[in-house]
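Subject: Structure for you to look at

Hello,

Here is the structure I said I would pass on. Please have it open while you read the rest of this message.

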Amino acid sequence: MDAALAAGVAGIVGQCGGAINCATCLCNFEDNQLPLLPPAHPDETELLSYVDEASTNSRLACQLIGSPALNGLVAQVVLSIASPND
Ligand code: FES
């Protein structure tokens, strides 16, 4: 998420700064890319369950740490997400 914010990627807000409290960093991934991602923390899974725009292919960008293993990963940013805390 930090890299996306630094690059000005549209749709990545990061309202809570990565505290798993807003979902304004919501991204979707293709089925074949999901196994590349680290398992979601239970708090991330719980927050995603409250977000209408989330699907089984959704993750919070703030919980994904860049590494060589993720080279080539393509995230689809959900542009219309509103924080569930608003
Ligand atoms: S920045 Fe708030 S959940 Fe990711």
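Below is what was found in it, from the overall shape down to one residue.

Please keep in mind that this is a predicted model. The values below are all computed from it.

Overall shape. The chain has 86 residues, and its radius of gyration is 12 Å, which agrees with the value near 12 Å for a compact globule of that length. Along the principal axes, the C-alpha atoms fill a box of roughly 35 × 25 × 20 Å. Buried residues account for 22% of the chain. Of the contacts between residues at least 6 apart in sequence, 72% join residues at least 24 apart.

Secondary structure. The chain contains two helices and three strands, and in sequence order the pattern is α-β-α-β-β. The three strands make an open sheet in the order S2-S1-S3, with antiparallel pairing. Strand S2 (58-60) and strand S3 (76-77) are the edge strands, each pairing on one side only. Strand S1 (residues 26-28) runs antiparallel to S2 and is joined to it by three bridges.

Leu-26 and the core. Within that pairing, Leu-26 stands opposite Leu-60 in S2. Both residues also belong to the largest nonpolar core, which has 16 residues; they are among those with the most contacts inside it, along with Met-1, Ala-23, Cys-25 and Ala-61. Leaving aside residues up to four places away in sequence, Leu-26 touches Val-51, Glu-53, Ala-54, Ser-58, Leu-60, Val-78 and Ile-81.

Regards

Methods. Residues are numbered from 1 along each chain as its sequence is written. This is a predicted model: local features need pLDDT of at least 70, side-chain atom pairs count only at pLDDT 80 or more; totals for chains, interfaces and linings use all residues. Two strands pair if DSSP finds at least two bridges between them. Helices (H or I, at least four residues) and strands (E, at least two) are DSSP runs, numbered from the N terminus. A nonpolar core is a set of buried Ala, Val, Leu, Ile, Met, Phe, Trp, Tyr and Cys residues joined through C-beta atoms within 7 Å. A residue is buried if 20 or more other C-beta atoms lie within 10 Å of its own, exposed if 12 or fewer, and partly exposed in between; C-beta atoms are placed from the backbone. Two residues are in contact if their C-beta atoms, placed from the backbone, lie within 7 Å. The radius of gyration is taken over C-alpha atoms; the globule rule is 2.2 Å times the number of residues to the power 0.38.
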